[in-house]
Amino acid sequence: MTALKSLFLGAAMMAACAVSSVASPDVKFYEPRDLIQVSTDDVQLAYNQTSKTVFVTAKSAYELYCRCPWLKVVEQDGKITVTAEPNESFVPRTGRIILTTKKENVSRVISVTQNPEPGHDKYFALPKEGNILPLADLDLSKATHDNYIKEIKKNKSIDGKEIRIKNNRYESAIATHAKSVFNIKLNGAMRFVTDLGIDDGILSRSPENHGDAVYKILLDGKEVASGRITILDKEAAHVDINTHGAQMMQIVLDPNGSNWGDHIDLGNPYFELTADKPELVDVE
């Protein structure tokens, strides 16, 4: 009797499961493309292109959502007009437009990508002619830096990645963290050239709180160049200084307020020499 009772209960449970797995004939499942057709779901805009049209054919009423602050979307008569603010940055940005049917609650997503302003994906080599000495070839341990880092790095960012300033790469580069000071005995060097900027890696953090610094360059104590660099700059700060006749040069990199994310890169910093090589000396 026990075995027979168990067999009966098992059969009953299997039957119940079979019944529950049968979908109700009133429920219909739709793929998004079945209800909403669009002329494209991947809108590509140039950096200065501000509008584009997407054509829509829908079998069911839908609502349109777009919460991207740099995009404006207007739907009328089966057309979606996408309007964007010009992208003056150096990285692409992407927003989404969502079309959701009211009855079936099915969504179709249109991705909008605005590409960066051109000219921010270059590789800059050092000059091939002339008597050139990269700053990276000097004893960088003589320079000072914030205690956040252990050392000034050559050809690597503070985070250990490839150095990029506005998405441009350099044959020779160094990375430091403000506050940082370089005291350089020029020994007859005629010229100093570099690009200065906040490392692109800081873009992954909040730009409102990271990557804002100031620089100044002095010859024999007299300021000859200065400026501000931020992660939101469109271009690196280019410095080209005639050092003829000066004995000492000092590069001073200071936070502009907080020093959070003040990862400062010097792209292709080099000297043009006469005979002797400059040397870094201890900061007093």
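Two strands are said to pair if DSSP finds at least two bridges between them. Strands themselves are DSSP runs (E, at least two residues), numbered from the N terminus. The structure is a predicted model, in which local features need pLDDT of at least 70 and side-chain atom pairs count only at pLDDT 80 or more, while totals for chains, interfaces and linings use all residues. Residues are numbered from 1 along each chain as its sequence is written, and side-chain values use heavy atoms, with hydrogens and water left out.

Four strands form an open sheet with antiparallel pairing, in the order S1-S3-S6-S5. Its edge strands, S1 (36-38) and S5 (71-76), each pair on one side only. Within the sheet, S3 (residues 51-58) and S6 (residues 79-84) run antiparallel and are joined by five bridges. Phe55 stands opposite Lys79 in S6.

A nonpolar core is a set of buried Ala, Val, Leu, Ile, Met, Phe, Trp, Tyr and Cys residues joined through side-chain atoms within 4.5 Å, where buried means under 20% relative accessible area (1.4 Å probe, protein chains only). The largest such core has 36 residues, and those with the most contacts inside it include Phe182, Met249 and Phe271. Among the elements giving two or more residues to this core are strands S14 (180-185), S19 (248-255) and S20 (263-272). Strand S16 gives the most, with four residues.

When neighbours within four places in sequence are left aside, Phe271 is in contact (heavy atoms within 4.5 Å) with residues including Leu133, Ile184, Phe192, Met249 and Pro278. A second, separate core of 20 residues includes Val38, Tyr62, Ile97 and Val106.

Technical notes. Buried < 20%, exposed > 50% of the residue type's maximum accessible area, 1.4 Å probe, protein only.
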